[in-house]
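Work through the exercises below with the structure open. Try each task before reading its solution.

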Amino acid sequence: MDVTRRGILGGMLGVGAGLATPAVLRAEGAALRLLSGEELIAAARLGGDVGYVVADARSGLVLEARDGGKPMAPASTAKAITTLYALETLGPQFRFETRVLATGPVSGGRVEGDLILAGGGDPTLSTDGLADLAAALAQQGVTGVRGRFLVWGGALPYAEAIAADQPVHVGYNPAISGLILNYNRVHFEWKRAKGGYALAMDARSERHVPKVYTADVAAVARQAPLFEYRQAGGREHWTVAASALGKDGSRWLPVRLPEAYAGDVFQTLARARGIDLPAPEPVRALPAGARVLVGQPSEALPKILRSMMKYSTNITAEAVGMTASAARGANAARGASGAAMSDWLSGRLGGTRARFVDHSGLGGDDRIAPIEMVRAVTLLGPKVGLRGLMKPFNLRDEAGGKVKGAQIRVDAKTGTLNFVSTLTGYITAPDGTELTFAIFTGDLARRAQSREAEQAEGSRGWVGRSKLLQSQLITRWATLYG
């Protein structure tokens, strides 16, 4: 284990010293002693790896570190690096756009050619957004098409899932495509009925709840697995263990055929506006000479990133990271795009050992050292307003509740996988001292044993202890260095 107290951000490092609140102080006679980082780590009983770095935000002076140079799994704190990468590459004014194009003129209400729904990689496109596109198309007098209805998602390279080591049914691990609807998720709802269950699949948003025809689900008599999935005939087929459903409920399932899904929903929404479209046909390339009839721009990039940081939406991270790689002329495919971001970070920081496979941190193979994360947050973050895009972090007490009256301000990005819990961001101590930090904890041996488990046995308690440790370390640092 590498242990240091002070150093400069350019160097490799490791641990430190002692805290203040009942959780970080120890009575010794009539005096109170600030517990050391090692004492807090021992009390957390995590096993695996624990690494951290805390630095002065203005000077970059490393104040305390433990295994700071050891590459570890960042989980969703990788989204902080993706945010830096995307903003530097695309700029704060960047917007995604979803378009409807035609290969021929509109005559008598009909497109004399093909109509194309073309994705632009917008990770925030919703069913309501598609409905607005259909309404805009109707306002132009379009009532049908003499050719085909095509759907294109080639703005980003397709991947069947973000990470291969996740359960098949989790909605946060959908396919990646240049056409992303409802975060590439479909809504599954069940209600107990006579003789079984009434099941439904829809693409709901705030104003519209269209039925989905490209995906279906059936309840079957089995105990395990919870869900099974297959594709056939351009459709997605799910089965669910009836014994697990209970009375009624709902959840989002991932979409693996995003072009078919979006085309299906748009066809339904267009029909409601009096536009008759044939069955959607996904295509790999946009037809030459197609012109834009209507478009739907996204919000500006910083607003998208702020929401991504708050809700930790994995598909958003993949979309903005891959779009940034494409803008740089790099291979934007999953894996290759992560490598392009790794190279960018190494160039910006003067060399790192960071290795990204994805942009969201959902996979367990990403690696970055705490010192590299802190250097990025400290040196690159202020230039793009990273702190303002992060979520306020509430310090927690030993019961898991919020610490009341805490005078320490923390803006940070969290990361959680089975037996992995991470945190990085900014601290303002009560006296105004500004710090940057990264705390990485991970027991990758236990994680490997729980591969593809949505909630591994023992992981919830482990993560809870890690989160308490994070709060204790932050309180220690604000007390000692503030």
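The model is predicted, so local features need pLDDT of at least 70 and side-chain atom pairs count only at pLDDT 80 or more, while totals for chains, interfaces and linings use all residues. Residues are numbered from 1 along each chain as its sequence is written, and side-chain values use heavy atoms, with hydrogens and water left out.

**Exercise 1. Find the buried residues of helix α5 and what covers them.**

Step 1. Helices (H or I, at least four residues) and strands (E, at least two) are DSSP runs, numbered from the N terminus. Helix α5 spans residues 301-311.

Step 2. Buried means under 20% relative accessible area, exposed over 50%, partly exposed in between (1.4 Å probe, protein chains only). In α5, Leu301, Ile304, Leu305, Met308 and Met309 are buried. They sit on the same side of α5, because they cover an arc of only 135 degrees around the axis. The arc is taken from the directions from the helix axis to the C-beta atoms. An α-helix has 3.6 residues a turn, so residues three or four places apart point the same way.

Step 3. Contact means heavy atoms within 4.5 Å. The cover over these residues includes α2 (78-90), α6 (314-327), α9 (386-389) and β22 (409-417).

Step 4. Look just past the helix: Ser312 has a positive phi of about 55 degrees.

**Exercise 2. Describe the largest nonpolar core.**

Step 1. A nonpolar core is a set of buried Ala, Val, Leu, Ile, Met, Phe, Trp, Tyr and Cys residues joined through side-chain atoms within 4.5 Å.

Step 2. The largest has 43 residues. Ile81, Trp344, Leu345, Phe356 and Ile368 have the most contacts inside it.

Step 3. Helix α2 gives the most to this core, 8 residues. Another core, of 41 residues, lies apart from it and includes Val100, Leu137, Val151 and Trp238.

Step 4. Check Ile368. Leaving out residues up to four places away in sequence, its contacts include Lys70, Pro71, Ile81, Leu345 and Phe440.

**Exercise 3. Which way do the residues of strand β12 point, and what pairs with β12?**

Step 1. Strand β12 covers residues 149-152. Phe149 and Val151 point one way, Leu150 and Trp152 the other, and all are buried.

Step 2. Two strands pair if DSSP finds at least two bridges between them. Strand β10 (residues 115-118) runs parallel to β12, with 4 bridges. Here Ala118 stands opposite Trp152.

Step 3. Strand β19 (residues 280-283) also pairs with β12 in the parallel sense, over 4 bridges. Pro282 in β19 is the bridge partner of Val151.

**Exercise 4. Which 3 strands form the open sheet with mixed pairing, and which stand at its edges?**

Step 1. The order is β8-β9-β11.

Step 2. β8 (106-107) and β11 (144-145) stand at the edges; each has a single partner strand, so one side of each is left without a neighbour in the sheet.

Step 3. β8 and β9 (residues 110-111) run antiparallel, joined by 2 bridges. Val106 has Val111 as its bridge partner in β9.
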